[in-house]
Amino acid sequence: MDPNDILDFLHATARSVGAEVTSPWFYLQFGLILAAAGIAFAADTGIRARVDMTSFAMGWPLPLRHFARVLIASASTAVFAALVIVARIAMYHSTWPSRSYLLMVSAKLALAWLVIRLVTSAIRNAFLVKLVSVSAWCVAALSIVGQLDQVIDALDSVEVVLGGLRLTPLVVIKLGLLLIAALWLTNIASNFAESRITRSTDLTPSIQVLLVKMIRMGLLVIAIAIALGAVGINLSALAVFSGAVGVGIGFGLQKIVANFISG
């Protein structure tokens, strides 16, 4: 992306924001959003005080019970989204639709966070939940305000070429997210395989441990290869680098590997 294009985009954005802020409808929408946030916070406090999360929906099926508990935990977001949607509908039918644009954006952002929270609740790792939730919500927010394509172009415009390998911030971000997803799925698959292997009475404990480690290493290699291929990185471009690293690791880990095999 050309620097002049970036400056023009920033100037256009500043002009549109300035025009929006000087409008009295902006302050009306902002006040409605603050009121909705206050009511949502009070409703969330009241719901948490009256609902016992340990016994709530105990007789329900497990997936439905889990969904209901996550929804109760996100009650403030759900109430806020509902109130803002009602305000948006009221202003949409009483005045020009453009005068309730801020309400529409706020409602979509709240609904996006609620959906992401419900989807990521299936992940058990707390750090992974936060990382995926924030990343997905940032992408959703950029899409809602109509700036996703511009941000993608900007991230893809800065590049570093190493031989036949082209690296950009966009490629690095995609690779990181794909690696996280691939490693998470790999962990699930390896845990499932481990539970099956450990139940087998025909295998000795040492063979079971060996099979589990081999499966984990194999799935890890496959996951990394799939993630690299998905972002367009040619594995042959890493052949020389990986070969040098492999030789170094091989010399450094000879004793460890020997103990592993003998054990």
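Helices (H or I, at least four residues) and strands (E, at least two) are taken here as DSSP runs, numbered from the N terminus. On that basis the protein comprises eleven helices and two strands, and from the N terminus on its elements run α-α-α-α-α-α-α-β-β-α-α-α-α. This is a predicted model, in which local features need pLDDT of at least 70 and side-chain atom pairs count only at pLDDT 80 or more, while totals for chains, interfaces and linings use all residues. Residues are numbered from 1 along each chain as its sequence is written, and side-chain values use heavy atoms, with hydrogens and water left out.

**Overall burial, surface and contacts**

- Of the 263 residues of the protein, 21% count as buried, where buried means under 20% relative accessible area, exposed means over 50%, and partly exposed lies in between (1.4 Å probe, protein chains only).
- The accessible surface comes to about 17200 Å², and carbon and sulfur atoms hold 72% of it; the areas come from the Shrake-Rupley method with a 1.4 Å probe, and for residues only the protein chains shown count as cover.
- A contact means heavy atoms within 4.5 Å; among contacts between residues at least 6 apart in sequence, 59% join residues at least 24 apart.

- A pair of aromatic rings is described by the distance of the centres and the angle of the planes.
- Rings of Phe, Tyr and Trp (its six-membered ring) pair if their centres lie within 6.5 Å; planes under 30 degrees apart count as stacked, over 60 as edge-to-face and the rest as tilted.
- Phe26, Tyr27 and Phe30 form one aromatic cluster.
- Phenylalanine 26 and phenylalanine 30 are separated by about one helical turn because they are four residues apart in helix 2 (residues 24-50).
- Phenylalanine 26 counts as buried at 18% relative accessibility, whereas phenylalanine 30, at 40%, counts as partly exposed.

**Aspartate 44**

- Aspartate 44 also belongs to helix 2 and is buried, with a relative accessible area of 11%.
- Not counting residues up to four places away in sequence, aspartate 44 touches Ile72, Ala73, Ala75 and Ser76.

**Nonpolar surface patch**

- Trp60, Leu64, Phe67 and Leu71 form a nonpolar patch on the surface, with about 370 Å² of accessible area together.
- Patches are made of residues with over 30% relative accessible area and no salt bridge, like charges being joined within 9 Å and nonpolar side chains (Val, Leu, Ile, Met, Phe, Trp, Tyr) within 5 Å.
- A salt bridge is a side-chain nitrogen of Lys or Arg within 4 Å of a carboxyl oxygen of Asp or Glu.
- Tryptophan 60 is located in the loop between helix 2 and helix 3 (62-73) and is partly exposed, with a relative accessible area of 42%.

**Helix 6**

- The 19 residues of helix 6 (residues 126-144) should span 27 Å at 1.5 Å a residue, which agrees with the 26 Å between its end C-alpha atoms; the expected span is 1.5 Å times one less than the number of residues.
- Leu128, Val129, Ser133 and Ala141 are buried in helix 6, and the buried residues of this helix pack against helix 5 (101-120) and helix 8 (169-199).

**Valine 221**

- Valine 221 is in helix 9 (residues 205-230) and counts as exposed at 56% relative accessibility.
- Valine 221 and threonine 186 are 35 residues apart in sequence, with a C-alpha to C-alpha distance of 9.8 Å.
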